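The sequence and structure come first.

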Amino acid sequence: PDTNSKSKALYDRALSSLPGGNTRTTVFMKPYPIYAARGAGCRVWDVDGNELIDCINNFTSLIHGHAHPALVEAATRQLALGSAFGMPTESEINLAELLTARLPSVDQVRFANSGTEAVMMALKAARAFTGRPKIAKCEGAYHGSYDYAEVSLDPKPTDWGGNAPVSVAYAKGTPDKVLADVVTIPFNDIDGAVSLIREHGRDLACVLVDPMPNRAGLVPADKAYLEALRQATRDVGALLIFDEVISFRLGYHGAQGLWGIDPDLTTLGKIIGGGFPVGAIAGKSEVMAVFDPRHGKPALPHGGTFSANPVTMRAGLAAMELLDQNAFARLDAIGEAVRKGINDAFRRHGVPGTAVGLGSLLKLHFGERPIRDYRSAYMSEAETKRQSVFNLEFLNRGVLAAGYGLMALSLPMRDADIESIIRAASDALAQVASKT
Ligand code: PMP
């Protein structure tokens with residue numbers, strides 16, 4: 001740590017007006033976080049002038065990197081016309097039409113301001129539609145901060161109970177009644193998940209699943225697992241909700257297109273806002289009708305002062321239009337190259353570990369065993385040590401990734417950038433080999 005650092009000075013100042021100097025737990029770092037000054041393409045510069053290749057892209061939300069000219073132009077043109085109105089604008093129809101055209105299961109869309117809100121409204125829509133109280137979600141999967149959605153996000157081995165997951169509070173203060181209405185199911189375990197869905201079937205409004213849950217290890221769901229969830233939810237009359245807040249960046253038709261699954265509702269966020277705050281609930285007209293105000297108070301009223309604001313809508317549309325089939329092919333290729341490069345480096349340096357993921361997303365694990373779900377991804381002390389040495393060494397070699405090992409690549413990355421990322425990872429792994 002450099003005591004003359006401008007980041008450190010900013011952090012010291014932040015400590016009195018922000019709790020722990022912080023607004024987002026995810027961007028906190030010890031001894032102090034690095035403050036961003038600006039970004040362009042796949043690079044960010046911090047307030048001390050250090051240049052970094054950005055492999056986190058605001059936690060997967062920027063797929064065109066920073067300050068893409070088309071997005072800057074779309075947003076600023078709208079800013080000059082007014083940023084938000086107490087009226088709808090054409091821009092929300094344009095983005096909704098693009099999303100319904102791309103996502104096979106989606107007839108209609110409802111916009112919100114974050115992924116958290118999108119998941120909250122999707123769960124409430126499922127309850128309103130079915131008249132049932134419970135929701136099911138996978139152990140270790142992150143879906144934002146709604147009380148029900150964050151249950152069993154990070155249970156410790158001492159709280160695992162037996163084979164079947166149990167519902168464990170994530171945040172202090174979570175009411176027991178919330179835990180009682182959340183059925184925690186195992187990821188990638190058909191028998192375990194289906195038997196719980198059957199057991200709670202009559203009370204179950206929905207099953208919420210991320211097809212490649214980042215916090216639960218970023219391993220893709222087995223197709224058979226998702227098919228089993230689809231079948232079991234149909235059998236018990238519950239909805240299947242795909243959380244594609246992150247996974248929509250995996251393919252032109254989303255993760256549901258890649259896996260060939262037909263969910264009832266889909267939640268979106270991140271990339272669809274072109275770098276601005278966004279969320280969306282999308283799905284079958286029959287279910288989306290809970291929001292329809294034409295016949296008086298809807299089953300599920302939903303507003304949001306900034307929902308569908310035209311700056312987000314126009315930037316989002318510009319971002320999505322740039323994201324054509326070729327763009328996805330390029331993202332797949334660079335993701336493959338980085339995963340392979342890092343996996344080769346793990347072997348070369350004799351460090352136990354793997355890079356997992358799909359498309360433009362990857363995550364590093366520091367153990368030998370195959371990763372299938374939250375429990376197999378759970379790190380031992382030795383693995384945590386290797387990860388923390390790696391993170392610091394990777395950052396010192398000019399690459400920004402998430403503290404918990406997630407990386408999200410972006411379209412502005414050229415072959416030379418990909419090589420730099422792999423070289424930095426390899427050099428960081430050499431340090432892990434010598435220091436742990
Ligand atoms: N769902 C998933 C799968 C997410 O990864 C996230 C955020 N990382 C959310 C929901 C919540 O989105 P937001 O941070 O926009 O509230």
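Arg-43, Glu-51 and Asp-417 are joined in a network of salt bridges, a salt bridge being a side-chain nitrogen of Lys or Arg within 4 Å of a carboxyl oxygen of Asp or Glu. The model is predicted: local features need pLDDT of at least 70, side-chain atom pairs count only at pLDDT 80 or more, and totals for chains, interfaces and linings use all residues. Residues are numbered from 1 along each chain as its sequence is written, and side-chain values use heavy atoms, with hydrogens and water left out.

**Salt bridges**

- Side chains of opposite charge can pair when their charged atoms come close.
- The whole structure has 19 salt bridges.
- In the pair of Arg-43 and Asp-417, the closest N and O atoms are 3.0 Å apart.
- This pair links distant parts of the chain, 374 residues apart, with Arg-43 in strand E2 (residues 43-46) and Asp-417 in helix H15 (residues 415-435); helices (H or I, at least four residues) and strands (E, at least two) are DSSP runs, numbered from the N terminus.
- Asp-417 is buried because its relative accessible area is 8%, where buried means under 20% relative accessible area, exposed over 50%, and partly exposed in between (1.4 Å probe, protein chains only).
- Asp-415 forms a salt bridge with Arg-330, and their closest N and O atoms are 3.4 Å apart.
- Because Asp-415 lies in helix H15 and Arg-330 in helix H12, this pair ties together parts that are 85 residues apart in sequence.
- Arg-330 has 23% relative accessibility and therefore counts as partly exposed.
- Glu-336 and Arg-339 form a salt bridge whose closest N and O atoms are 2.9 Å apart.
- Glu-336 and Arg-339 are three residues apart in helix H12, so about one helical turn separates them.
- Of these two partners, Glu-336 is partly exposed at a relative accessible area of 48%, whereas Arg-339 is buried at 5% relative accessibility.

**Aromatic pairs**

- The structure holds 11 aromatic pairs; rings of Phe, Tyr and Trp (its six-membered ring) pair if their centres lie within 6.5 Å, and planes under 30 degrees apart count as stacked, over 60 as edge-to-face and the rest as tilted.
- The pair of Tyr-11 and Phe-28 is tilted, because the planes are at 45°, with ring centres 6.3 Å apart.
- Tyr-11 lies in helix H1 (residues 6-17) and Phe-28 in the loop between H1 and strand E1 (36-40), so their pair ties together parts that are 17 residues apart in sequence.
- Tyr-11 is buried, with a relative accessible area of 9%, whereas Phe-28 is partly exposed at 35%.
- Tyr-146 and Tyr-148 also form a tilted pair, with ring centres 5.3 Å apart and planes at 50°.
- Both Tyr-146 and Tyr-148 are buried.
- Phe-346, Phe-366, Phe-390 and Phe-394 are linked by ring pairs into a cluster.

**Charges over rings**

- Arg-127 lies over the face of Tyr-148, 4.4 Å from the ring centre; a charge sits over a ring if NZ of Lys or CZ of Arg is within 6 Å of the ring centre and within 35 degrees of the ring normal.
- Arg-215 has its charged end over the ring of Tyr-404, at 5.1 Å from the centre.

**Helix crossing**

- Helix H4 (residues 90-102) and helix H11 (residues 310-322) have axes that come within 8 Å and cross at roughly 35°; axes are lines fitted to C-alpha atoms, for helices over the stretch in contact, and angles run from 0 to 180 degrees between N-to-C directions.
- The crossing of H4 and H11 is left-handed, meaning that the near helix is turned anticlockwise from the far one by less than a right angle.
- Residues making the contact include Leu-95 and Leu-98 of H4 and Met-313 and Leu-317 of H11, contact meaning heavy atoms within 4.5 Å.

**Two single residues**

- Ala-221 is in the loop between strand E7 (204-209) and helix H8 (223-236), and is buried at 6% relative accessibility.
- Neighbours within four places in sequence aside, Ala-221 is in contact with Phe-187, Asn-188, Pro-211, Leu-226 and Trp-259.
- The C-alpha atoms of Ala-221 and Asp-203 are 25 Å apart, and these residues are 18 apart along the chain.
- Asp-344 is placed in helix H12 (residues 325-348), and at 25% relative accessibility counts as partly exposed.
- Asp-344 and Ser-426 are 82 residues apart along the chain, and 8.6 Å separates their C-alpha atoms.
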